[in-house]
Amino acid sequence: MTYDGNVTTETRITLNRDRVIEAAVEYADTHGIDDMSMRKLGAELGVEAMSLYNHVNDKADLYDGMIDYVFDSIELPDEGLDWKEQTRRVGKSAMEVFGTHSWVVYLLMQQGNTGPGSLRFMDHVVAAFLDAGFNEDDTHHAWQMLASHTMGYAFQATSAPDSHEYAKLEPQLPQLAISFPNVARIAPNLFTCSYDAEYMFGLEIIIDGLESRVR
């Protein structure tokens, strides 16, 4: 192994686009996406920041690669399953992966993505609806509905994963019951609900509604 400044020959040989993106994902998982810079990422890899541009065009290209990495991590269900079970499984897996990489929701909101990873994911989900007999219009609407439902809950879960906005009402329940009795009646459920459970509840309602369309 020989050294060239702060960079080793071994590092130059092994560094590639996949390794840069993987390191960026690991950094964002640990420190958050806002804290990441090309300089800090280069330091994590033992190279100067400029070396990274041999493998990614710019920061937007790096972000696209990170988003694709996350979508490639979502488990795609067996195509032999019926569309309802495929929808349940892919939705649950997507929420789990988005929870692990909480920063991806913000990146998707900022710049979207049409890379191979996200397109592969979309193609699998769309195929389940088309194969089940949905027409193109209903398949499009089903995709948009599922994407909005999943992104919405993922955003809520990653924005405040350790607290719930309704919990602050608990000490006020006696007074609340006087002016807002219906809110007070369901308040105990609001204090204990989980985003995962609420997401799956909504997903089942979407599936029920879509089933009436394909029939």
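**Figure 1. The largest pocket of the predicted model****.** The space in this pocket amounts to about 420 Å³. Its lining comprises 24 residues, of which Phe 71, Phe 121, Trp 143, Ala 147 and Met 151 are the closest to the centre. By residue class, the lining of the largest pocket contains 15 nonpolar and 9 polar residues, and no charged ones.

**Figure 2. Helices contributing to the lining of the largest pocket****.** Four helices, H5 (83–100), H7 (116–132), H8 (136–159) and H11 (195–214), each supply at least two residues of this lining. Helix H8 makes the greatest contribution to the lining of the largest pocket, with 7 residues.

**Figure 3. The second largest pocket****.** About 290 Å³ of space lies in this pocket. It is lined by 13 residues, and those closest to its centre are Met 95, Glu 96, Gly 99, Ala 157 and Asp 196. Helices H5, H8 and H11 are the elements that each provide two or more of the lining residues. The lining of the second largest pocket divides into 7 nonpolar, 3 polar and 3 charged residues.

**Figure 4. A nonpolar patch on the surface****.** Tyr 106, Met 109 and Phe 155 form this patch, and together they present about 270 Å² of accessible area. Met 109 belongs to helix H6, which spans residues 104–111. Met 109 is classed as exposed because its relative accessibility is 53%, above the 50% cut-off.

Methods:
Residues are numbered from 1 along each chain as its sequence is written. This is a predicted model: local features need pLDDT of at least 70, side-chain atom pairs count only at pLDDT 80 or more; totals for chains, interfaces and linings use all residues. Side-chain values use heavy atoms; hydrogens and water are left out. Patches are made of residues with over 30% relative accessible area and no salt bridge: like charges are joined within 9 Å, nonpolar side chains (Val, Leu, Ile, Met, Phe, Trp, Tyr) within 5 Å. Accessible areas come from the Shrake-Rupley method with a 1.4 Å probe; for residues, only the protein chains shown count as cover. A salt bridge is a side-chain nitrogen of Lys or Arg within 4 Å of a carboxyl oxygen of Asp or Glu. Buried means under 20% relative accessible area, exposed over 50%, partly exposed in between (1.4 Å probe, protein chains only). On a 1 Å grid over the protein atoms alone, a cavity is a set of points where a 1.4 Å probe fits but cannot get out, and a pocket is an open set with protein on both sides within 12 Å along at least five of seven lines; lining residues have an atom within 4 Å of a point. Grid points are joined across faces, edges and corners, and a volume is the space filled by probe spheres set on the points. Ala, Val, Leu, Ile, Met, Phe, Trp, Tyr, Cys and Pro count as nonpolar, Asp, Glu, Lys and Arg as charged, and the others, Gly among them, as polar.
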